[in-house]
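Q: I'd like to learn how to read a structure feature by feature. Could you walk me through one?

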Amino acid sequence: MATPSQKIGGFFERVCGSNSTREREREREDQRQTIKGRVVLMKKNVMDLNDSKASLIDSFYELLGKQVSLQLISATSVDPENHFRGRIGSPIYLQRWNCTGSAVTARETEFEVTFDWEEEMGVPGAIRVINRHHSEFYLSSVTLEDVPGHGRIHFVCNSWVYPVRYENERVFFSNKGSDFVKLAQVFMAYLPCQTPEPLLQYREEELMKLRGNGHGERKTWERIYDYDVYNDLGNPDKGPEYRRPVLGGSQEYPYPRRGRTGRGRTKTDPYNEKRLPLLSLDIYVPRDERFSQVKFSDFIAYAVKSLVQVAIPEIRSLFDKTINEFDSLEDILHIYEVGTNVTNGGTHDTVSNCISWEFIRELGRSDVGFCKFPMPDVIKENNSAWRTDKEFAREMLAGLNPIIIRRLEEFPPASKLGIDKYGNHTSTITKGHIEKNMNGLTVDQAIENNKLFILDYHDALMPYLSRINSTSTKMYATRTLLFLQEDGTLKPLAIELSLPHPQGESYGVTSQVYTPAEDGVESYIWQLAKAYVAVNDSGYHQLISHWLNTHAVIEPFVIATNRQLSVLHPIYKLLHPHFRDTMNINALARHILINAGGFLEMTVFPGKYALELSSVSYENWNFMEQALPTDLLKRGVAVEDPDYPHGLRLLIEDYPYAVDGLEVWSAIETWVTEYCSFYYPEDDLVWYDTELQSWWTELRNEGHGDKKCESWWPQMHTRADLIKTCTIIIWVASALHAAINFGQYPYGGYLPNRPTISRRFMPQPGTQEYEELQRNPDLGFLKTITPQLQTLLGISLIEILSRHATDEIYLGQRDNPEWTSDAEALAAFESFGSRLRDIESIINQRNLDTRWNNRFGPVEMQYTLLYPNTSDFSRQGGITGKGIPNSVSI
């Protein structure tokens, strides 16, 4: 009978391998050809802290012989008995699983492996992984060293591998290329027609798995990408006030498609999908699209901090004589100045044992403190400069929503609303209103010399204004005229506030025109007029510029790319970094932000009509017009001129968004051109690329199915079509989103600068509100704009949305330097990163040049929203007001 010490020794030999066993293995290895390598993965207990028993259960599975196996698949030798697919080598198993330990923080574990490989098997081109454990793990990469005749072969995996009870096997492809089949060029990425024959069926089968069959409710472990309409925003079972129209799939409410979850339908409306409980974050997105543990910990930590930041002022207001109201502008400043910092010690240690260290780290790190809101940049240097006309106009060029202003080409401004339905909506602004402030020019002269510009929300909002104003919101549709001065700044000339005609919308509108004033009650009225404009701009920005034109329109590209382009496809490899976390953040938005009664409806003026209003805007969406040069030309703020950089001459020379944006656009376009030219040296390769054509067909007919009949879609017949399409996708997902997202807190964190709601109409002489405005203009202003609770909720929301995650990957960076082995593609990408770093220096120089007034303005806030931040690998995150992430990830 074995002694206790022998039993213990035997246990560790089984788990870790005995010395004699390892010696016998080495002897056998000397007698056969082997390939050594390493496997890098993250165990589930590292990534999912809700299942702390996962590591223990997997350890028992190891003892039972249920291990993780890997098998190499040949790229050059077929197996007739396996449907002529690539030969599969003998399985090897990850050893010493229980001896690698379990990290508290998210980190990778590395395993040494040795494969048997016979010469007749040829060259490994793929790897088969089977997980016989209880729990999933995240497979980062597999690397083979010194493959005979081919050297090092790397497999970039970056995917969750679930146990066999969920999926039988996973196949990952290498980054070695078509030297396997002795083609003229060495490609890491294969077009379908260039795929080595032994790997072709594996390629096709993987795509079939990702498409699914379109039926059933999706499960957490699945990787299926499919389309659905926006039928998950309302909750009719909760009551009629929570009903919302289905967006997408109809002429009345066209919309991009979202990822399908397959949840059941509500009891009271068979067209609406059931909603999950509010606090449930287990919303289906394909498993590899979910946030990383670091990103998720950041997100939750920010949310917890925001709850505290909202709660403290609200509790304090219960003892105030004016509940849910700020009494003065100074009262608002208190939410940034009062708070206590997080302290370390026993409590910190106790909590860290229960939840993620990443969560604790983010909870403890703060720009100012745990209970405070960070001081927004717009009031950091001067807390009153935001009120100036110069700053009001500057933010149309260098603020949060610099993509709306356009050149005025006719006077008075006209409407495109149908006159039969809406009546006459021509502007009531006259020459007499504005010529007195135009430095001696007439309106005709100013138009001829490109000096007049307009911020126009009249047509976008007027059709919904009666419905919006039937709620507690009281707002106008606005037009703002501006004059371009010699110093490059814009001067507001007039603001028109319009309401539907009281006798009905077919009778047209009633309008009031306000002009700048510096003294007396007129100056207070002018401040209110600017506030109504800011309310229009804030709501339109959040719903259209931000949500619709970046988040919503990109999601169909994410789905189509994963369904139709193999991971081996060069365009998949080009676009994939620009889709990171998009489906996850969009699913969370549908769950808590843009849903019926969600944060957006509570804090932005359209209320329950918010998403419906964005659907109306989608009717006019044009993919080709998302290209920055096309957009600038359409808005009339630039003209074609071959003598100027990028072939465009800006009519507002000091237009920071456009100036910096054209630099970034050009860098993206050059990178995409070089990359696509390498893989598609001829146009015919585009036309005959079956995966590419299926991708583009599905994208138009399914992903953006409500726009499938539009003539402006590229035909995808030529390399030029492909380059333009990919450049637009990358621009929208990276730079455009960065420009309109990461300035939300720096500019809008101080709500008086960018109010999101107006609660009463402009005070009229003889009314109590007018007398209050005369007596206490700041109080009258605050009673008109967003109230306290919505202000705090809104600030909390945009503080979260404006933060870079600590695992942020910026434009010009990759999460894995071995994403390809193609020297030409790597060189082009390095050149792209170098160009972006040059742009960083150019932007820094421009921001120091005092000639460019619009780059800092009265608030002394530099324009850095299109600063690429490619040079930053610190992974610090936070509210920086700069940096272009690769994707729509927050």
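**Sheets, cavities and contacts**

A: Let's start with a strand pair: S12 and strand S13 (residues 452–456) run antiparallel to each other, joined over two bridges. Keep in mind that this is a predicted model.

Q: Which residue stands opposite Phe453 of S13?

A: The general idea comes first: strands in a sheet pair through hydrogen bonds of the backbone, in either a parallel or an antiparallel way. Here, Arg407 is the residue opposite Phe453 in S13.

Q: In what order do the strands of that open sheet come?

A: The order is S12-S13-S14-S15-S16, five strands with antiparallel pairing. At the edges you find strand S12 (406–407) and strand S16 (509–514), each with a single partner strand, so one side of each has no neighbour in the sheet.

Q: What about the pairing of S2 and S3, parallel or antiparallel?

A: Antiparallel: strand S2 (residues 68–79) and strand S3 (residues 85–88) pair over three bridges. Val78 stands opposite Gly86 in S3. The hairpin of S2 and S3 has five residues between the strands, and His83 in this hairpin takes a positive phi near 60 degrees.

Q: What is phi of Asn450, and where does Asn450 lie?

A: Phi of Asn450 is near 55 degrees, which is positive in a residue other than glycine. Look for Asn450 in the loop between helix H13 (443–448) and S13.

Q: Staying with the backbone, which residues does the cis peptide bond join?

A: Phe411 and Pro412, with omega at about -5 degrees. Pro412 sits in the loop between S12 and helix H11 (419–422).

Q: On to side chains. How many salt bridges does a search of the whole structure find?

A: As a general idea, side chains of opposite charge can pair when their charged atoms come close. The search turns up 50 salt bridges in the whole structure. Take the one between Arg223 and Glu167, where the closest N and O atoms are 3.7 Å apart. Arg223 is in the loop between helix H5 (197–211) and strand S10 (227–228), while Glu167 is in the loop between strand S8 (151–161) and strand S9 (170–173), so the pair ties together parts 56 residues apart in sequence.

Q: And the surface: which residues make the nonpolar patch of about 310 Å²?

A: Leu56, Phe60 and Leu63 make that patch. Phe60 belongs to helix H4 (residues 54–63).

Q: Now the inside. How many cavities of 30 Å³ or more are there, and what is the volume of the largest cavity?

A: There are 11 cavities of 30 Å³ or more in the whole structure, and the largest cavity has a volume of about 230 Å³. It is lined by 19 residues, of which Phe392, Glu395, Lys530, Ala534 and Asn753 are the closest to its centre. The elements giving two or more residues to this lining are helix H10 (389–398) and helix H15 (520–564). H15 gives the most, with six residues.

Q: How does the lining of the largest cavity split by class?

A: You get 10 nonpolar, three polar and six charged residues.

Q: What is the volume of the second largest cavity, and which residues are the closest to its centre?

A: Its volume is about 190 Å³. Of the 16 residues in its lining, Ser538, Gln542, Gln744, Thr756 and Ile798 are the closest to the centre. H15, helix H18 (599–603), helix H25 (744–748) and helix H28 (788–801) are the elements that give two or more residues to this lining.

Q: Which element gives the most there, and what is the split by class?

A: H28 gives the most to the lining of the second largest cavity, with four residues. By class, that lining has six nonpolar, nine polar and one charged residues.

Definitions and conventions. Residues numbered from 1 in each chain as written. Predicted model: local features only at pLDDT ≥ 70, side-chain atom pairs only at ≥ 80, totals over all residues. Heavy atoms only, no water. Pairing = 2+ DSSP bridges. Patch = residues over 30% accessible without salt bridge, like charges linked within 9 Å, V, L, I, M, F, W, Y side chains within 5 Å. Areas by Shrake-Rupley, 256 points an atom, 1.4 Å probe, with all protein chains shown as cover. Salt bridge = Lys/Arg side-chain N within 4 Å of Asp/Glu carboxyl O. 1 Å grid on protein atoms, 1.4 Å probe; cavity = no way out; pocket = protein on both sides within 12 Å on 5 of 7 lines; lining within 4 Å. Points joined across faces, edges and corners; volume = space filled by probe spheres on them. Nonpolar A, V, L, I, M, F, W, Y, C, P; charged D, E, K, R; others polar.
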